[in-house]
Amino acid sequence: MMADSGPKEVAVIGNTELTSAELDNNIKNTMVEIEKGTSLLRKMEISVAEAEKRTGKNTVNMQEIYTVYLIETRPVDALTEGITPDSLWRRYSEFELLRNYLLVTYPFVVVAPLPEKRAEIVWHKLSADNMDPDFVERRRVGLENFLHRVASHPVLCNDNIFYIFLTEDKDWKEMVYETGFQAKADSRLKAVNAAFRVKNPDGRFTELKHYSDELQTVLSQLLRVRARVADRLYGVYKVHGNYGRVFSEWSAIEKEMGDGLQSAGHHMDAYAASVDDILEEEEHYADQLKEYLFYTDALRAVCRKHELTQFELEMVALDLACKKQQKEELVTGTVRTFSLKGMTSKLFGQETAEQREAKLQVLEQQLKEGEEAVKEKNTESDEFVKTAWVDIERFKDQKDRDLKEALISYAVMQISMCKKGIQVWTNAKECFNKM
Amino acid sequence: MSRTIDAVVSPTQTNTIPADISGQMLDLDEDDDLEVFSKDSTLADGNMFNASMPTSPGSMVNQCKFEEDEESDSKDIFITVDNPESHVTAIETFITYRVLTKTTRSEFDNSEYEVRRRYQDFLWLKGKLEDTHSTLIVHPLPEKFVVKGMVERFNGDFIETRRKALHKFLNRVADHPILSCSEDFKVFLSAQAWELTTYKKQGPGFLSRMGETVRAVANSVRGVKNRPEEFTAIQEYVEDFSNKIGSLDKVTQRIVKEQKEYLEELKEYGPTYTLWSGSEEELAEQLKGVAGCIERCCKETEEQVGHLSDTLVPVLHEYVLCAETLKAVLRRRDNIQAEFEAKNEALATKKVDRDAESSDLGFVWGSLLGKNPEEARHQRQERLDGEIEELKEEIDKLEDRVEWANNALKGDWGRWQRSMRGDLKSAFLSTAEKNVDYYEKCLAVWETFLLSQRTEPSEETDRDNTP
């Protein structure tokens, strides 16, 4: 695990003989440590302050326009040491690279997602254009959120590559590639294969996989319907703007009703205009839900890693069992399993004692190696399960907290919208009264 | 058929007799009323409600008052339209409505009437009222059928909408000081079905009505030459008003449409939270809470849309039709004036003719017939004089007609404007009130939810302590 610059390490890693009580204790310690301030975010303020358009040549030497984001860092307060104010520009693809690096390097961590590359699940007023200033702004917020998530993660915040991403402009990409993380990445094919063939995955991971699939389905649907509702609400409010126009024109030909109509018209205009702010606020809510929609990918990635390690363990264990079987057959001279060697020996005669002895030696060696391998894989798998499950619990708590807050803020938004509506229509009522 | 004044003008009311209908009322006490009344009754002999006498509104105007200030106290007729029923005959299927009348007016023999009428009967009544009082503003009837939207004549909503509009129509007629005195109106309210059919067959025949229509068309083609300024002003207003009310009608219908579509989506939105709650533990209660809130807001939205459709839409639609009525009334007034102007021109031509020296042709013709030229001229002059006298009489009548038409319209115009203001103001007011109510109810829903969330922080601290 990469923990070069961090002075503290999470106690859970490396210790495989924990009892469940100790494990629980460690989880608590981890959480407490967050409070105490292992998080980088406690020391350093990170913000994605601005976005700018740049032009340049891409990999196929064609002109392209892209957006870069300004990352600013500064110490939290005057007493914090080791942090100097800094700023540099990064583009979205660099964020992607950072994230891929983290995914591979810390496969047991549920790594925060990036904001959408392209605007999807939007309602019609919002453009799906990546260059649209509103989209760029929301993406800026999303990227800042991503950096905060990483910087407050007990494990990830200690990563050197991450630190350099925030602070050093030059050669960061080369450094990332030099870690050789790409070689460590498991091929998708391997992972899918393992998912199909694994025999005894930890039940909790299977459950988690189902949950993340469910959450993805449900959130996608929710966000789609919400976008449609927003669309329709927009329509209702905006049509009222026509009242404003017609009342105003009508008031010109009326004597007694003129004043009342005219002012009522203004309120109708105000009503129509108010929907823009309402829906912009709601978009933040939608973004919060979207983050957790995208989190489901990270959850599935951790499950896949577990299936892979479990599968490899099973394969190694199977291989060991096979070898043991072979040894037994060799020693007792019985052939219980079909083997080409067995057949040929039957056909061409038995082996000599020396030959058998040589074979046995080889097998003994292989058995020894196999047992080592199983032990290793077991350790690996156990470690993975433990560290992953700590992070999954952390993620669950974070998710419950965040979404609870999001739902409350949604209610607050609805209340605000209702209050505005009451005000506008009460005012309009006054005007109609004067008619 | 005599009409006693106390049915309409009771002793407790101020007796206002419009000497000049355009708005100036004189206060006279009862005796003077009767005197004026009796003078008129000698002028208009026999049935004052004879539809073929175009000047009959004049006599009625003297009996009824235009000012509505005591309308609520003086309401002496109550009409309801309800209970639609379907009738199937060999030829057709149609709907009849029950028309229930309760009245203390003396021209009615009973105090209560219950009859059944179909839409055609209402159309007939409106036509008669417009024929008799061509420059009074009659409240519009609902249309025969709605082209867009519901084509189905027997659709429940359509019938109910129509019933309400018919109810309003009859009540507006009943409220109108002149129209409610109409004999046609009385017959409509009181006659049994077969009586009505018989009554309908009376009145000017088909051919004379044709003649009138032809004349009207001819006059409208001819156009009016000297329209008084105030009527031009009214016409301009009506044009503008027609545009505005048409726009409002469209905007409101569009709002209803958008609101309904919003409601449809909202109905699908709540369930997504319920679905989600099935996958969660800690969040389940909260998610179900949100789903519940959205569901309740759906109900409120449905109510709000219903109110809009029931209250604002019909009124705006009525006034779209009113605008058309107004245009027709102005046209008819113009035609009356045009007819008068035409006759005046004819008179002028005849006078010129008479005063001119005998034309050569006339002289020649006369001499061919062996007439003495002097005699011929004399005869011709006599003939023309006679025609001129006839024309003058006709013109006098037409002049009266024009004056009555103008005064009727002017009086009714003020009344219509007041009605319009009242109707539209109350419709918009009601809509605004309902909208405030809608938002207040939704606010309560979300605030209740928020309150339930805020009382949970005690749970959270417990959570930290348990492993």
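1. Glu64(A) has a relative accessibility of 23% and is therefore partly exposed (buried means under 20% relative accessible area, exposed over 50%, partly exposed in between, with a 1.4 Å probe and protein chains only). Arg91(A), at 25%, is likewise classed as partly exposed. The model is predicted: local features need pLDDT of at least 70, side-chain atom pairs count only at pLDDT 80 or more, and totals for chains, interfaces and linings use all residues. Residues are numbered from 1 along each chain as written, chains are lettered from A in the order written, and side-chain values use heavy atoms, without hydrogens and water.

2. Glu64(A) and Arg91(A) form a salt bridge, with N to O at 3.4 Å (a side-chain nitrogen of Lys or Arg within 4 Å of a carboxyl oxygen of Asp or Glu). Glu64(A) belongs to strand E2 (residues 63–75) and Arg91(A) to strand E3 (residues 86–91) of chain A, so the pair ties together parts 27 residues apart in sequence. Helices (H or I, at least four residues) and strands (E, at least two) are DSSP runs, numbered from the N terminus.

3. Within helix H9 (residues 203–251) of chain A, Glu249(A) and Arg245(A) are four residues apart, about one helical turn. Their side chains meet in a salt bridge of 3.7 Å, N to O. Glu249(A) is partly exposed at 32%, as is Arg245(A) at 43%.

4. In chain B, Lys327(B) and Glu324(B) form a salt bridge whose closest N and O atoms are 3.3 Å apart. Both lie in helix H10 (residues 284–355), three residues apart.

5. A network of salt bridges links Asp186(A), Lys190(A), Lys305(A), Glu312(A), Lys377(A) and Glu380(A). Over all chains, the count is 64 salt bridges.
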